[in-house]
Amino acid sequence: MISEPEAPGRAQPGTDLSGSTVLVVGGAGGVGEGVTRALLHPGATVVGTARTQSKLDDLAARPAHSNLRIRRLDLLATELVAGNSPLAVPVLRYFAERDKSPGPTAPDFL
């Protein structure tokens, strides 16, 4: 049985993320899965993405969580870059704004 991950020491104990929705790009593997699980624990609804459906299916199966949503997303896909995806505008806006700023910024859709 997989136990819930512990929050990093710098995280505020008792943070309640209920009612929050977070998009985790690359949330189905490695570090991304850890981030996904850490956000689920305090109550966030998490949309975990990956380029391959098999990674998403694996994520959803270990252990299932009622607040986990999975979506296939390839940020280099032609339809995303061309603006034909519902995620195109916020994702592309985030990267455009990030490239203009001197440091990291949080996308407004998270």
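In which helix is the place of E33? The place of E33 is in helix α1, which covers residues 31-40, where helices (H or I, at least four residues) and strands (E, at least two) are DSSP runs numbered from the N terminus. The structure is a predicted model, in which local features need pLDDT of at least 70 and side-chain atom pairs count only at pLDDT 80 or more, while totals for chains, interfaces and linings use all residues. Residues are numbered from 1 along each chain as its sequence is written, and side-chain values use heavy atoms, with hydrogens and water left out.

Taken as a whole, the secondary structure of the chain comes to four helices and three strands, and along the sequence these follow the pattern β-α-β-α-β-α-α. Of the 110 residues of the chain, 26% count as buried, a term that stands for under 20% relative accessible area, with exposed meaning over 50% and partly exposed in between (1.4 Å probe, protein chains only). Among contacts between residues at least 6 apart in sequence, 41% join residues at least 24 apart, contact here meaning heavy atoms within 4.5 Å.

In general, strands of a sheet pair through backbone hydrogen bonds, either parallel or antiparallel.

Between β1 and β2 the parallel pairing extends over four bridges; V22 has V46 of β2 as its bridge partner, and V24 stands opposite G48 in β2. Five of the six residues of β2 are buried, so this strand is largely enclosed by the rest of the structure. T49, whose place is in strand β2, counts as buried at 1% relative accessibility. Leaving aside neighbours within four places in sequence, T49 is in contact with L23, V24, V25, G26, G27, A28, L56, R71 and L73.

The C-alpha atoms of L73 and V25 are 7.9 Å apart in space, although the two residues are 48 residues apart in sequence.

The helices can now be placed against the sheet.

The buried residues of α1 are G32, E33, T36, R37, L39 and L40. Seen down the axis of α1, these residues fall within an arc of 165°, so they line one face of the helix; the arc is that of the directions from the helix axis to the C-beta atoms. What covers them includes β1, β2 (45-50), α2 (53-61) and β3 (68-72).

E33 itself is buried, with a relative accessible area of 16%. A polar contact of 2.4 Å joins the side chains of E33 and R62; a polar contact is a pair of N or O atoms within 3.5 Å, and within protein one must be able to donate a hydrogen and the other to accept it, while residues adjacent in sequence count only if both atoms are side-chain atoms. Beyond four places in sequence, E33 is in contact with G26, G27, A28, L59 and R62.

L59 leads on to the core. Not counting residues up to four places away in sequence, L59 touches G27, A28, E33, R37, L68 and I70. The largest nonpolar core has eleven residues, namely V22, V24, A28, L39, L40, A44, V46, A50, L56, L59 and L68, and β1, α1, β2 and α2 each supply at least two residues of this core. A nonpolar core is a set of buried Ala, Val, Leu, Ile, Met, Phe, Trp, Tyr and Cys residues joined through side-chain atoms within 4.5 Å. In soluble globular proteins, nonpolar side chains tend to be buried together.

Methods:
Two strands pair if DSSP finds at least two bridges between them.
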